[in-house]
Amino acid sequence: MSAETRIRRVTVPQIAARKGGEPIVVLTSYTVQLAALADRHSDVLLVGDSLGMVAHGMETTIPVTLEHMILHGQAVVRGSKRALVVVDLPFGSYEESPQTAYRNAARVMKETGCGAVKLEGGARMADTIRFLTERGIPVMAHIGLTPQSSHVMGGFRTQGRDRSTWGAHLEDARAVTEAGAFSVVVEGVVEPLAAQITEAIAIPTIGIGASARCDGQVLVLEDMLGLSPRVPRFVKRYAELGEIVDGAVSEYARDVRARSFPSEKHTYPIED
Ligand code: KIV
């Protein structure tokens, strides 16, 4: 393939430059087939650690390992051509020290071929974000509702309902920006706080359950496709694939039980 016809992936600087511009389309992706479909319409594919719950039936993201993230990250990079692929660093793989974070993030980038990593935490993770970005690892930050801290937060709670907490969230947003993050996921915060954060910082905010007043949006793909049994209130279901799959599987089961395959198409002919 010539250099002219090769499809170039969206780059980290291109996403950073979209601040205040055309909204950034982000979807989670965990498998090769869905990555290929989502890639055609997305700027960023996020291999989120929500895969622990969505693809592996875990209760929370806490049990997700680096090996899970690498395996799914490899599938998404193989399935996509265009979008920037960002892989989540799972709980326990980066919080201990900047050095641990660097070792694990470098492994994720080497073994998956992704373009950036995401990690949760604001001001408390600023030193780590700086350590990674200064050494060639682009970081998407994640503030507001941070599911890996759900035990500390007492569950998955909307953030910023109490105005007295807004200062801390704004401080988180400023700290990750100053540390060198190229964008930041803002999850589960009330609309006026999302708007203030978006206005206050120079990097794009990617909202989830944080209103349209961000520079981009991310949804869990299975949630918006109607494949997840329970979805958060803010999720628009763009399709009901669960019902379609159920219909197809039940028709298949009926055919098998009735021995009713159209036989000429479902057997191999004898050759001689
Ligand atoms: O793990 C994930 O899917 C995420 C998104 C919900 C932002 O972090």
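User: In which loop does Arg259 lie?

Analyst: This is a predicted model, in which local features need pLDDT of at least 70, side-chain atom pairs count only at pLDDT 80 or more, and totals for chains, interfaces and linings use all residues. Residues are numbered from 1 along each chain as its sequence is written, and side-chain values use heavy atoms, with hydrogens and water left out. Helices (H or I, at least four residues) and strands (E, at least two) are DSSP runs, numbered from the N terminus. Arg259 is found in the loop between α11 (241-257) and α12 (263-266).

User: Is Arg259 buried or exposed?

Analyst: Arg259 is not a glycine, although its phi is positive at about 45 degrees. Buried means under 20% relative accessible area and exposed over 50%, with partly exposed in between (1.4 Å probe, protein chains only). Because its relative accessibility is 76%, Arg259 counts as exposed.

User: What is the phi of Ser211?

Analyst: Ser211 is found in the loop between β7 and β8 (216-219). With a relative accessible area of 22%, Ser211 is partly exposed. Although Ser211 is not a glycine, its phi is positive, at about 75 degrees.

User: What span from first C-alpha to last does helix α4 reach?

Analyst: Helix α4 covers residues 66-79 and has 14 residues. The expected span of a helix is 1.5 Å times one less than its number of residues. For α4 the expected value is 20 Å, and the span reached is close to that, at 20 Å.

User: Which elements do the buried residues of α4 pack against?

Analyst: Helix α4 is mostly covered, with 10 of its 14 residues buried. Among them are Leu66, Met69, Ile70, Val76 and Val77. These contacts, meaning heavy atoms within 4.5 Å, are listed by element. The buried residues of α4 pack against α2 (32-39), β2 (44-47), α3 (51-54), β3 (84-88) and α5 (98-112).

User: Which residues are linked in a network of salt bridges with Arg107?

Analyst: Glu111 also forms a salt bridge with Arg107, with the closest N and O atoms 2.9 Å apart. Both residues lie in helix α5, 4 residues apart, about one turn of the helix. Arg107 is partly exposed at 28% relative accessible area, and Glu111 is partly exposed at 36%. The residues linked with Arg107 in the network are Glu67 and Glu111.

User: How many residues apart in sequence are the parts tied together by Arg213 and Glu191?

Analyst: The side chains of Arg213 and Glu191 meet in a salt bridge at 3.7 Å, N to O. Arg213 lies in the loop between β7 and β8 and Glu191 in helix α9, so the pair ties together parts whose separation in sequence is 22 residues.

User: Which side chain of opposite charge is nearest to Asp172?

Analyst: Asp172 lies in helix α8, where it is buried yet has no salt bridge. Leaving aside neighbours within four places in sequence, Asp172 is in contact with Gly122, Ala123 and Ile143. Lys and Arg count as positive and Asp and Glu as negative, while His and the chain ends are not counted. The nearest side chain of opposite charge, 6.9 Å away, is Arg124.

User: How far away from Glu222 is Arg237?

Analyst: Glu222 lies in helix α10 (residues 221-224). Not counting residues up to four places away in sequence, Glu222 touches Thr28, Tyr30, Leu34, Val54, Leu227 and Ser228. Glu222 is buried yet has no salt bridge, and its nearest side chain of opposite charge, Arg237, lies at 12 Å.

User: What separates the C-alpha atoms of Pro147 and Ser50?

Analyst: Pro147 is found in the loop between β5 and α7 (150-153) and is buried, with a relative accessible area of 12%. Leaving aside neighbours within four places in sequence, its contacts are Thr61, Glu120, His142, Phe156 and Glu187. Pro147 and Ser50 are 97 residues apart along the chain, and their C-alpha atoms are separated by 8.9 Å.

Note on methods: A salt bridge is a side-chain nitrogen of Lys or Arg within 4 Å of a carboxyl oxygen of Asp or Glu.
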